[in-house]
Amino acid sequence: MSSRSLIDIQALKAEALRLGFSAVGCSPAGPVDEAVRQAYLAWLRDGHQGEMHYLENHLEKRFNPTLLVDGARTVVSLLMNYHPGQQPTQPALAWYAQGQDYHDVLHTLTNRLMDVCRLTGRSFTDSAPVLDRYWAWRAGLGFIGRHGQLVVPRLGSAFFIAELIVQEEADHYDRPLTAHYFDNLCGRCHRCVEACPTQALQAQGPMRAERCLSYLSIEQRGPIPEEAKPFLKECFYGCDRCLRACPHLHAPDEAPLSAFQASDELLRMQASDWAAMDEAKFRDLFRRSAVKRAKYAGLRRNIEAGGE
């Protein structure tokens, strides 16, 4: 593929699947729907971002990827499975954090995909102001569930999302599964809302991230609220309750990349090992993991809060 030719979408998807991605979709680059823009701004005004002030930055770029990449014509959305399948035991970490840091793994794979397909632009994995769920919806990869996550029908939400924002046009574009971003296919199901122990999810209305256990255990730097502490005993880094409650959740036929599978050392950790973990052990366990985002002090805070 050259910068002067259309992207052969069939060839691009085949190469992405060969590299280990689970699904690929393409949409024309341009401003997001005005309703999505206004809903995001209202969400910020209501303070649902908590201490995640980076979500308030570069708003115009967040709403228009052509401002991130000059001359961008196409957004390629990519999903990567991280469902752990059946494990002997489940470490007390959210599924996505049980293996290597997905930022590093997907950065390598997306850049390789761009090189092989000779695309001009940039790749992103939670590394820039991109509304990744919006673009995955636009690309027909799933719908936005009541829990605010992308839901792949009959597979659920255990997927990382990455994007290529490129200057080439595609030979065709994919279509969304729903007519509007805010339309969901959840019907009368409220299992995710019922599964959320801190009422971060609502039957109607946006996710209140400032109440979410994932936010409280990873992003927030202050003390864990008293009412949230009992729920950290089961999982003290992140929370998969809404994801796991979704009736769409099923393990894909393909196992996740070995990079995203928990190590034997991690699987052997018992409650007493977590309680006794010092900073050297933390560095050894998580030197290549997304868990290092919380730092040793943050994980220690969560472990102790869950043990109270």
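**Notebook: a predicted model, looked up piece by piece**

I started with Asp171, which sits in the loop between β6 and α6; helices (H or I, at least four residues) and strands (E, at least two) are DSSP runs, numbered from the N terminus. The model is predicted, so local features need pLDDT of at least 70 and side-chain atom pairs pLDDT 80 or more, while totals for chains, interfaces and linings use all residues. Residues count from 1 along each chain as its sequence is written, and side-chain values use heavy atoms, without hydrogens and water.

**Asp171**

The classes are buried under 20% relative accessible area, exposed over 50%, and partly exposed in between (1.4 Å probe, protein chains only). I listed its contacts, meaning heavy atoms within 4.5 Å. Leaving out residues up to four places away in sequence, Asp171 touches Leu6, Ile7, Asp8 and Ile9. I also checked Asp171 against Glu308, 137 residues along the chain: their C-alpha atoms are 58 Å apart.

**Whole protein**

I noted 12 helices and six strands. The radius of gyration over C-alpha atoms is compared with a globule rule of 2.2 Å times the number of residues to the power 0.38. For 308 residues a compact globule would come near 19 Å, and the protein has 19 Å, which agrees. The C-alpha trace spans about 60 × 40 × 35 Å along its principal axes. Buried residues make up 52% of the 308. Of the contacts between residues at least 6 apart in sequence, 74% join residues at least 24 apart.

The protein exposes about 14,900 Å², and carbon and sulfur atoms supply 49% of it; the areas come from the Shrake-Rupley method with a 1.4 Å probe.

Ser217 is buried, at 0% relative accessible area. Beyond four places in sequence, Ser217 touches Leu232, Phe236, Tyr237, Gly238, Ala294, Arg301 and Asn302.

**His147**

His147 is in the loop between β4 (143-144) and β5. At 3% relative accessibility, His147 counts as buried. Its contacts, again not counting residues up to four places away, are Ser157, Cys192, Leu201, Met207, Cys242 and Leu243. I also looked up Cys196: His147 and Cys196 are 49 residues apart in sequence and 9.3 Å apart in space, C-alpha to C-alpha.

**Positive phi**

Arg154 is not a glycine, yet its phi is positive, about 70 degrees. Arg154 lies in the loop between β5 (150-151) and β6 (159-166) and is exposed, with a relative accessible area of 63%. Gln199 is not a glycine either and has a positive phi of about 60 degrees. I placed Gln199 in the loop between α6 (191-195) and α7. At 45% relative accessibility, Gln199 counts as partly exposed.
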